[in-house]
Every structure is written in C-alpha cells, then in structure tokens.
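This report describes a single protein chain for a reader who has its sequence and three-dimensional structure at hand. Please keep both in view while reading.

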Amino acid sequence: MATTNKYKAFIFDMNGTLIDDMKYHTDAWYEILTKELGSDLSYENLKAEMYGKNAELLVRVFGEDYFQPEEIEQHSVNKEKQYQKIYKPHLEAISGLQDFLSKAEKNNIAMGIGSAAIMFNVDFVLDNLDLRRYFASLISADEVERSKPDPETFLKGAEALGVKPEECLVFEDAPKGVEAARNAGMDAVVLTTMHGKEEFAALDNIKFFIKDYEDPQLDQLI
C-alpha cells in the first residue's frame, strides 16, 4: 500500500541516531582535552558540549583565540582518529535500522544524512556498515558554515533531495539537532540514545520518541 504520509524524505543525523556511539566520541575528546591539552573540564560537563563542529567545541572549552587554525585542525583530526580506533570494534547500526531504511527505500522515500560529523567519519560509518546506497544526500560539517541549531544542515539536505523543508522528517538524538529541525520547519523523531525525554521539553516539533528502529510507532511513517 502506498504511503499517504506527508513526508517525502527522511534526513538522519548520524552519531547517536544511526549508531549509538556518542560515548566513544566523548571518551576520545576527554582523553585529548585533559591529557594532551590540559583542560580541567569534567566528563559530565564535556557531555554538555558534545554538539556542533570540532572547532566550535574547542573554542567553547578554551576560548576564541587559544589555538591557531592549524592547531584546531590537527586536534580535530587526532580526535577523530582516536574515536575511530576505539569505536571500530563496537561499530554496529542501531537495532532495526537496516530494515527501516530498506522499507523506506521500497516506498520511494528519499533519504539523506545531515550530520555535524566531518565526512571522514560519515564515510567510516556508511562504508563499514554498508549503508551508503540508501542515502542520496550527504551533508556533513564540511558542507556547512553554521552548525546546529542553525537550520543550514537540514535545509541543504532538503534542497539536495529535491523536496520542500516541510516534507522532510528529521531523525535526531540531541536537543540542538531537534532545534535545528524546528528552525528548518521540519518535524523530528527523537532517539533516546544520549538524552532523556525531559531534555526536549521546550521543543514542539517532535512526533515521538523511540529507543531504536524496531519501535512500532515508525509504522505510521511508511
């Protein structure tokens, strides 16, 4: 049966949304920030800074002029290499994802990635999990000037998929990402991999919350 749903496209965040890996990102940053760069930031406080581009995180932690641009780039690359090293043995898609993507594809729903990760990490995930074929659009940190909650990531995704913003449904795990979707005029489904429902209380564009892609609520989307 053809879908009568208003959504013609799904745009997926990646970290915490396709894969449950945010702990490994936090671990990698904590190692670099505290042991290599001398920050006294606590692990819990670091978790609150885990959004946006790597350069933006470094600026939030150390201040605007602490690093030269080439230093920021080097620390960013080192962090991603550390993350991939510690996460690769555990790399797996969130439960039910493959079947959900396949079902959406069969129902002619366009799909894209809209992530604050750099393309180095997007490639790492899509190729190791053999998911690339599902996504017609890949918008990473490399393609945008302004990070979430700015809507640029999702608006560029909608444009690349050839659909109107209001015809897109975003899958996210973070409040800043859901806020970016709202700023783009898009609804969102939230995966509770990293944040509790109470952290999204101020956001009114959420259709529902899910733990993984086996949730029966997803049946209403396709």
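Is Pro-69 buried or exposed? At 59% relative accessibility, Pro-69 counts as exposed, because the cut-off for that class is over 50%. The model examined here is a predicted one.

## Overall architecture

The protein contains 8 helices and 6 strands. Read from the N terminus, its elements follow the order β-α-α-α-α-α-β-α-β-α-β-α-β-β. The radius of gyration is 17 Å, close to the 17 Å that the globule rule gives for 222 residues, so the protein is as compact as a globular protein of that length. Along the principal axes, the C-alpha trace spans about 60 × 35 × 30 Å.

Of the 222 residues in the protein, 50% are buried. Among contacts between residues at least 6 apart in sequence, 65% join residues at least 24 apart. The accessible surface comes to about 10,700 Å², and carbon and sulfur atoms account for 46% of this surface. The protein carries 24 positive and 41 negative side chains, and the centres of these two sets lie 4 Å apart.

## The nonpolar cores

The largest nonpolar core consists of 39 residues. Within this core, the residues with the most contacts are Phe-10, Phe-12, Phe-135, Phe-171, Tyr-213 and Leu-221. Helix 6, which covers residues 119-128, gives the most to this core, with 5 residues. Another core, of 18 residues, lies apart from the largest one; among its members are Ile-11, Val-163, Met-186 and Val-190.

Helix 8 runs over residues 175-183, and its buried residues are Pro-175, Gly-177, Val-178, Ala-180 and Ala-181. Which elements cover these buried residues? The cover includes helix 7 (152-161), strand 4 (168-172), strand 5 (187-191) and strand 6 (206-210). Just after helix 8, Gly-185 takes a positive phi of about 80°.

## Two buried residues

Met-14 is placed in the loop between strand 1 and helix 1 (22-36). Its relative accessibility is 0%, so Met-14 counts as buried. Leaving aside neighbours within four places in sequence, Met-14 is in contact with Ile-19, Ser-115, Ala-117, Asn-121, Val-122 and Val-125. Met-14 and Thr-26 are 12 residues apart in sequence, and their C-alpha atoms are 15 Å apart in space.

Ser-137 belongs to strand 3, which covers residues 137-139. With a relative accessibility of 4%, Ser-137 also counts as buried, because the cut-off is under 20%. Not counting residues up to four places away in sequence, Ser-137 touches Met-111, Gly-112, Ile-113, Gly-157, Ala-160 and Leu-161.

## Positions along the chain and in space

Asn-5 is found in the segment before strand 1 (9-12). Which residues does Asn-5 contact, leaving aside its neighbours within four places in sequence? They are Gln-220 and Leu-221, and Leu-221 is also one of the residues with the most contacts inside the largest nonpolar core.

Pro-69, the exposed residue with which the report began, lies in helix 4 (residues 69-87). Pro-69 and Ala-55 are 14 residues apart along the chain, and their C-alpha atoms are separated by 8.7 Å.

## Backbone features in the loops

Most residues other than glycine have a negative phi, and most peptide bonds are trans. The following positions depart from these patterns.

Asn-108 has a positive phi of about 60° although it is not a glycine. This residue lies in the loop between helix 5 (97-106) and strand 2 (110-114). Asn-108 is exposed, with a relative accessible area of 70%. Asp-130 is another residue other than glycine with a positive phi, in this case near 55°; Asp-130 lies in the loop between helix 6 and strand 3. A cis peptide bond joins Lys-148 and Pro-149, with omega at about 20°. Pro-149 is placed in the loop between strand 3 and helix 7.

Definitions and conventions
Residues are numbered from 1 along each chain as its sequence is written. Side-chain values use heavy atoms; hydrogens and water are left out. Helices (H or I, at least four residues) and strands (E, at least two) are DSSP runs, numbered from the N terminus. The radius of gyration is taken over C-alpha atoms; the globule rule is 2.2 Å times the number of residues to the power 0.38. Buried means under 20% relative accessible area, exposed over 50%, partly exposed in between (1.4 Å probe, protein chains only). Contact means heavy atoms within 4.5 Å. Accessible areas come from the Shrake-Rupley method with a 1.4 Å probe; for residues, only the protein chains shown count as cover. Lys and Arg count as positive and Asp and Glu as negative; His and the chain ends are not counted. The place of a charge is taken as NZ of Lys, CZ of Arg, CG of Asp or CD of Glu. A nonpolar core is a set of buried Ala, Val, Leu, Ile, Met, Phe, Trp, Tyr and Cys residues joined through side-chain atoms within 4.5 Å.
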